[in-house]
Amino acid sequence: MINNKLTIGQMAKINHTTVSTLRLYERLGLLVPATINPENGYRYYDMEQSAVFHNIQSCTVLGLSLKEIQSMADAESFSLCEKLYHEKLEQVKAQIQQLSLQRHMLYKALDGLERYLSLPPEGTFTLQFLHSEYLFSVPADRDYFHEDFSSYLYGISQLYDELEKIHIPARYQFYNGFTMDRGDFAKHQYRASTLEAYVDELYGERPQVTKQKGRLCLCTYVDDFAKLTDALDEMAEYCRKNGLQVDGNPVCRVVGNVDRKDFRVPRPFLRLQIPVQVLKPQGDGNAEKQQKETV
């Protein structure tokens, strides 16, 4: 440093930056050397210009582009600076909200993957309590209990269109399914009544979203839409033999849509779930009567 003047290399070293960065700032008119030797082109900065450099760096840390910093410098007023700061603040708020949602969905994805990989084999019957969830549903335009996986996926694509209309990001939904009226199940007339997506609680007050209370369910698993009818017959018989009374609409829930060993291969894994109540035994004759009236 000579007479409080710094060469471009000294200026870069003192401010922990590079010569190329200082040259860029010079070309943009943000930080021009205090003097330039006309004979050799050497650039000299005043030590006080470090304050200008620090301001530029602070603006970049706040997310302002060099073009925006140029605009602020050209404006010769702090009004534009204040405006840009407010705009950046709103952008950061939106990013935080997006990242929070992304973090939530990553936890949800990890939980879903853990449960998916630990599901019982096809044909297993389980009696389990399923916790409350929020459902977005639309009337089924096809009988998905007698359709195939392709038909179901086409219906889900239309369902997602409806979700987007009420500002629920469909790309974050992991579970879907379709429901049958309990009366149809009792008559062995298996047909879909609604198509559903399971959404997060934060969307609980949106139109067409309802809260489904937690309930005890008889569940079984199949890996092919063509097996649904036989599985429903088996569930009806299981209820009759084990004193279970149907207590709500049966649901076919798609808990997996790709092969467990190769996610590039589409393959459904379905859980049939029927809300039930366990009947109290009342002697041989009455128990047999109750079992016949179960479904």
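Predicted model: local features only at pLDDT ≥ 70, side-chain atom pairs only at ≥ 80, totals over all residues.
Okay, let's start in the strands: Phe136 has Ala197 as its bridge partner, and Ala197 sits in β7.

Residues are numbered from 1 along each chain as its sequence is written, and side-chain values use heavy atoms, with hydrogens and water left out.

Back to β5 and β7: six bridges link them, and the pairing is antiparallel. Two strands count as paired if DSSP finds at least two bridges between them. β5 also pairs with β8 (residues 209-212), again in the antiparallel sense, over four bridges. There, Leu135 has Thr210 of β8 as its bridge partner.

There's also an open sheet of three strands, in the order β1-β3-β2, with antiparallel pairing. Its edge strands, each pairing on one side only, are β1 (5-7) and β2 (35-36). β2 is joined to β3 (residues 43-46) by two bridges, and Thr35 has Tyr44 as its partner in β3.

Now the helices. How do α4 and α5 cross? The axes of α4 (residues 66-75) and α5 (residues 78-117) come within 9 Å and cross at roughly 155 degrees. That makes α4 roughly antiparallel to α5; the word applies to angles over 145 degrees. Axes are lines fitted to C-alpha atoms, for helices over the stretch in contact, with angles from 0 to 180 degrees between N-to-C directions. On the α4 side, Glu68, Ser71, Met72 and Ala75 make the contact, and on the α5 side it's Leu80, Cys81, Leu84 and Lys88. Contact means heavy atoms within 4.5 Å.

Last stop, the largest pocket, with a volume of about 620 Å³. A pocket is an open set of points on a 1 Å grid over the protein atoms alone, where a 1.4 Å probe fits, with protein on both sides within 12 Å along at least five of seven lines; lining residues have an atom within 4 Å of a point. The volume is the space filled by probe spheres set on the points.

Which residues lie nearest the centre of this pocket? Of the 24 lining residues, those are Asp111, Arg115, Glu133, Tyr175 and Arg253. α5 turns up again here, giving the largest share of the lining, five residues.

Note on methods
Parallel < 35°, antiparallel > 145°, perpendicular 65-115°, else oblique.
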